[in-house]
Each structure stands twice: as C-alpha cells, then as structure tokens.
Amino acid sequence: MLLKLENVKKDYGTFKLDCSIEVKRGQVTGLVGSNGAGKSTTFKSILGLIFPDSGDIEMFGKKLNDITPEDKEKLGVVLTEANTFDYLRAKDLVSILKAMYKSFSETDYIAKCHQYKIPLDKTIKDFSTGMKAKLKLIIALSHDAELLILDEPTAGLDVIMRNELLDMLREYMEDDRRGILISSHISTDLEGLCDDFYMISNGQIIIHEETDVLLSEYGILKLTDDQYDTIDKQYIIATKREKFGYLCLTNQKDFYQENYPQVAIEKGNIDDFIILMVQGERK
C-alpha cells in the first residue's frame with residue numbers, strides 16, 4: 001500500500017472533512033467532486049500542510065510522523081496553488097532539483113522538456129497556463145517518485161493540453177511499483193486513466209468504486225411519475241426530481257434493463273453520477 005487514509009477528520013466549523021482513501025501500487029486512484037467538496041483539504045492533510053483533528057495517515061507503510069527525508073523523495077506533488085519559480089527559466093531549475101533529490105535525472109528532465117515543448121531559456125512567468133502545468137508535472141516526474149499526489153493538474157487547460165498531461169501519466173504508470181492519487185472536477189478526463197474513483201461531497205466520501213464497475217454497472221433511469229411510483233427502488237441510490245418526472249441513479253443497471261424494458265436508461269458518465277449524488281436525494 002502506497003497511501004492510506006483512515007477516518008481522517010478536520011473540522012473548520014462550516015466545513016468538515018471525514019474521509020478514508022487507499023492508493024495501491026500499480027493503480028491510479030481518482031478523487032472527484034465539485035469545487036469546495038474537500039479535495040484540496042484531503043491533499044493538504046496528506047502532505048502535512050494542515051493537521052487533521054483525528055484519524056490515521058500512512059504513506060509507504062509508515063505513519064505520517066515517521067516519514068523520513070528519504071521517503072519524501074519518493075513523493076511527487078503537483079498542487080494547483082503552487083507557483084513554479086516564475087522568475088527563473090526551466091533550465092535554471094536543474095541545479096535546484098539536483099540539490100533537492102538524490103535521484104533527480106537531468107537527462108530525463110531535459111528530454112521531457114524537449115518532448116513536451118517546454119522552452120528551457122524562456123522565463124517561466126512568460127509561459128502559457130498549459131506550459132506551466134506541463135512543467136509542474138515534469139518536475140514531479142523527474143526524480144523517480146513512487147507516488148504522485150496531483151491536485152487538479154488539468155485545471156484551466158484545453159483538451160489538447162489535458163491529453164498531453166494524461167499521456168505523461170500513462171507513461172509513468174508503466175512501472176507497476178508506482179501509484180497516483182489525482183483529483184479533478186473534470187472527471188471524464190480521468191475515466192481512461194483511473195483504476196478506481198472516490199467521489200467526495202461536503203467532505204464525505206459518497207462513492208468508492210472501480211472505474212470499470214462505475215462505467216458498466218451504473219446507469220441513470222429517466223422515469224415518469226407513474227413509473228417512479230411503481231418501480232422497484234431497491235437498487236436506486238440517488239433520485240433527482242425533474243420537470244418530466246425523475247432521474248434515478250442505480251448501481252444495478254442490468255436489473256432495470258431486464259425487468260423494466262419500457263424504462264429509458266442512460267449509461268451516463270462519472271460527472272453525471274456526481275451531479276445526481278450531490279444534487280439529488282441519496283438513499
């Protein structure tokens with residue numbers, strides 16, 4: 001196990017975090033939810049930037065307080081709020097990264113900058129948003145990290161830039177010693193990357209499921225009032241009232257296809273499921 005959060009709680013009065021998450025070797029785990037759902041608070045707890053009120057966090061099989069500087073070198077981090085040394089050039093970062101990480105590979109860093117069109121001699125403050133995002137990820141990948149913690153790495157990027165970042169992550173995961181915890185509110189970007197997803201809302205984990213199960217077994221029923229009144233609701237996990245009737249999220253789509261062939265059923269995507277779980281009435 002690369003990372004484990006167990007009943008980690010933080011109370012801000014108006015917002016309360018209470019979550020449990022696991023990231024295994026060889027897997028990419030997504031943490032998805034709307035803005036303000038608790039993703040960044042979770043990441044800051046993992047990184048020791050805030051201190052939880054209770055609960056346990058383990059990384060690389062050790063309690064967070066027992067993590068050594070050597071252990072920290074096995075961690076690669078991208079935070080949305082972090083800057084990227086705006087008044088330096090990409091090539092100026094080489095000496096800094098060499099001093100920070102024993103396993104930093106200058107050859108790999110330079111090669112990735114060339115591959116992803118990051119100018120080495122241009123001041124970083126003059127980079128586009130996409131170039132800055134790619135550079136952040138290249139830095140996180142430059143020292144053979146075993147665990148990546150990525151908070152909204154694709155935020156604000158166009159579809160081409162997002163695909164380039166996701167390609168970098170797929171290449172990173174060719175080594176099954178590694179793992180990733182990645183958050184995004186554009187969860188459809190991650191459907192082809194993540195092995196499993198945690199959905200968070202108001203600081204609470206509301207669904208944890210393997211990606212294949214979410215995409216194959218979950219579905220959305222579109223029901224008239226009469227259909228809603230008569231349908232078997234044992235596998236409905238969230239309901240949202242609409243003008244035409246009801247939208248219902250189920251984790252047993254096949255059951256309703258077989259037993260209610262007259263009902264309209266949509267496959268849906270993870271963003272659709274989040275909307276129903278957050279805005280609808282959960283069972």
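Some ground rules before the details. Because the model is predicted, local features need pLDDT of at least 70 and side-chain atom pairs count only at pLDDT 80 or more, while totals for chains, interfaces and linings use all residues. Residues are numbered from 1 along each chain as its sequence is written, and side-chain values use heavy atoms, with hydrogens and water left out.

I'll start with the cores. A nonpolar core here is a set of buried Ala, Val, Leu, Ile, Met, Phe, Trp, Tyr and Cys residues joined through side-chain atoms within 4.5 Å. Buried means under 20% relative accessible area, exposed means over 50%, and partly exposed is in between, with a 1.4 Å probe and protein chains only. The largest core has 58 residues, and Tyr-109 and Leu-135 have the most contacts inside it. Helix 5, residues 129-141, gives the largest share of this core, eight residues. Helices (H or I, at least four residues) and strands (E, at least two) are DSSP runs numbered from the N terminus.

What does Tyr-109 contact, leaving aside its neighbours within four places in sequence? Contact means heavy atoms within 4.5 Å. The partners include Leu-93, Leu-97, Phe-104, Leu-135 and Ile-138. Apart from this core lies another, of 23 residues, with Leu-5, Cys-19, Leu-147 and Ile-200 among them.

Next, helix 1, residues 39-46. Six of its eight residues are buried, so the helix is largely enclosed by the rest of the structure. Lys-39 is one of the buried residues, as are Thr-41 and Phe-43. Just after helix 1, Gly-48 takes a positive phi of about 75 degrees. Lys-39 is also a contact of Ser-184, a residue in strand 8. Ser-184 counts as buried, at 1% relative accessibility.

Now the sheet. Two strands pair if DSSP finds at least two bridges between them. An open sheet of five strands runs in the order 14-11-13-12-15, with antiparallel pairing. Strands 14 and 15 are the edges, and each pairs on one side only. Strand 11 (219-223) and strand 13 (246-250) pair over five bridges, and Leu-223 stands opposite Tyr-246. In strand 12 there is Thr-239, which is buried at 8% relative accessibility. The contacts of Thr-239 include Tyr-228 and Tyr-246.

Those two tyrosines bring us to the rings. Rings of Phe, Tyr and Trp (its six-membered ring) pair if their centres lie within 6.5 Å; planes under 30 degrees apart count as stacked, over 60 as edge-to-face and the rest as tilted. There are six aromatic pairs. Tyr-228 and Tyr-246 have ring centres 3.8 Å apart and planes at 15 degrees, so the pair is stacked. Tyr-228 is in helix 8 and Tyr-246 in strand 13, 18 residues apart. Tyr-228 is buried at 13%, and Tyr-246 at 17%.

Tyr-235 and Phe-255 have centres 4.9 Å apart and planes at 70 degrees, so this pair is edge-to-face. Tyr-235 is partly exposed, at 28%, and so is Phe-255, at 21%.

Last, the charges. A charge sits over a ring if NZ of Lys or CZ of Arg is within 6 Å of the ring centre and within 35 degrees of the ring normal. Lys-233 lies over the face of Tyr-228, at 4.6 Å from the ring centre. Arg-241 has its charged end over the ring of Tyr-246, 4.5 Å from the centre.
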